[in-house]
Amino acid sequence: MREPWVVGVSGASGTPYAAAVVRGLLDAGQAVDLIVSRAARLTILDETGKPFRDGHWAEDLAAWLGRDLAGADLRHWPAGDLAAGPSSGSYRVRGMAVVPASTAACAGIAIGLSKDLLQRAAEVNLKERRPVVVVPRETPVTRSHLEHLIALHDAGAVVLPASPGFYGAGAAATAEQLVDFVAGKVLDGLGVPHTLFRRWSGELAAARRDADRT
């Protein structure tokens, strides 16, 4: 039986994180169900210049991810379709990542608002005790933001702020490397293997570079 990972993309800035997570899941041979909120479509267009349309989702997604998706196990659910598969706990999925997660999405999931399919699917995965990773991308944060993140943590979600580490590539890290670091941490939270970043080995970067030169 097909058991995909649900990836929900909200309207926060940081859609490259979502693209990297989807690519990482596909590279690991995983099935993906994608939900893109209405606000996220505007953000994707603003950050990449590429549209995301329900009627052309496959070709738009291929352009956004920058790869041929022939043979990929992908399904798209419109955010307004509250009768979609992921809206029910009886629809089998492995878990869900909300990346990036706007403060509005975090609040809606935390209080069970189910404003759209993204929020409903996240709530369903929490109640079914499946892995849920929420990636807030907002700074600074207010007390209400923190309270909603605590509520998500207490409900069983992994709250994973989009905070890239630099120990893999150092101060010269490219934007792609920093994005991949966060995406890799999301996949770690879901338990999906990947090679998106160089893991800490207990060896300082300077010593590692010296060893590589010898």
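1. UniProt, in an unreviewed entry, lists residues 5–188 as "domain: Flavoprotein". UniProt positions follow the numbering used here, feature names are shortened, and annotations may be inferred rather than shown by experiment. The end C-alpha atoms of this span lie 13 Å apart. Helices (H or I, at least four residues) and strands (E, at least two) are DSSP runs, numbered from the N terminus.

2. A word on the basis. This is a predicted model, in which local features need pLDDT of at least 70 and side-chain atom pairs count only at pLDDT 80 or more, while totals for chains, interfaces and linings use all residues. Residues are numbered from 1 along each chain as its sequence is written, and side-chain values use heavy atoms, with hydrogens and water left out.

3. Start with the largest pocket. Its volume is about 310 Å³. The lining has 18 residues, and the closest to the centre are Ser-37, Arg-38, Ala-39, Lys-115 and Asp-116. A pocket is an open set of points on a 1 Å grid over the protein atoms alone, where a 1.4 Å probe fits, with protein on both sides within 12 Å along at least five of seven lines; lining residues have an atom within 4 Å of a point. Grid points are joined across faces, edges and corners, and a volume is the space filled by probe spheres set on the points.

4. Which helices supply the lining? α2 (38–48), α4 (103–110) and α5 (117–127) each give at least two residues to the lining of the largest pocket. α2 has the largest share, with 3 residues. By class, the lining has 7 nonpolar, 6 polar and 5 charged residues. Here Ala, Val, Leu, Ile, Met, Phe, Trp, Tyr, Cys and Pro count as nonpolar, Asp, Glu, Lys and Arg as charged, and the others, Gly among them, as polar.

5. α4 also packs against other helices. With α5, the angle is about 45 degrees and the axes are 9 Å apart. α4 is therefore oblique to α5. With α6 (residues 143–154), the angle is about 50 degrees, and the axes are 9 Å apart. That makes α4 and α6 oblique too.

6. Two cis peptide bonds deserve a look. One joins Val-99 and Pro-100, with omega about -15 degrees. Pro-100 sits in strand β4 (residues 95–101). Another joins Thr-139 and Pro-140, with omega about -10 degrees. Pro-140 is in the loop between β5 (132–136) and α6.

7. Check the positive phi values as well. Ser-114 is not a glycine, yet its phi is positive, about 50 degrees. Ser-114 lies in the loop between α4 and α5. Arg-129, also a residue other than glycine, has a positive phi near 60 degrees. Arg-129 is in the loop between α5 and β5.

Key
Axes fitted to C-alpha atoms, helices over the stretch in contact; angles between N-to-C directions. Parallel < 35°, antiparallel > 145°, perpendicular 65-115°, else oblique.
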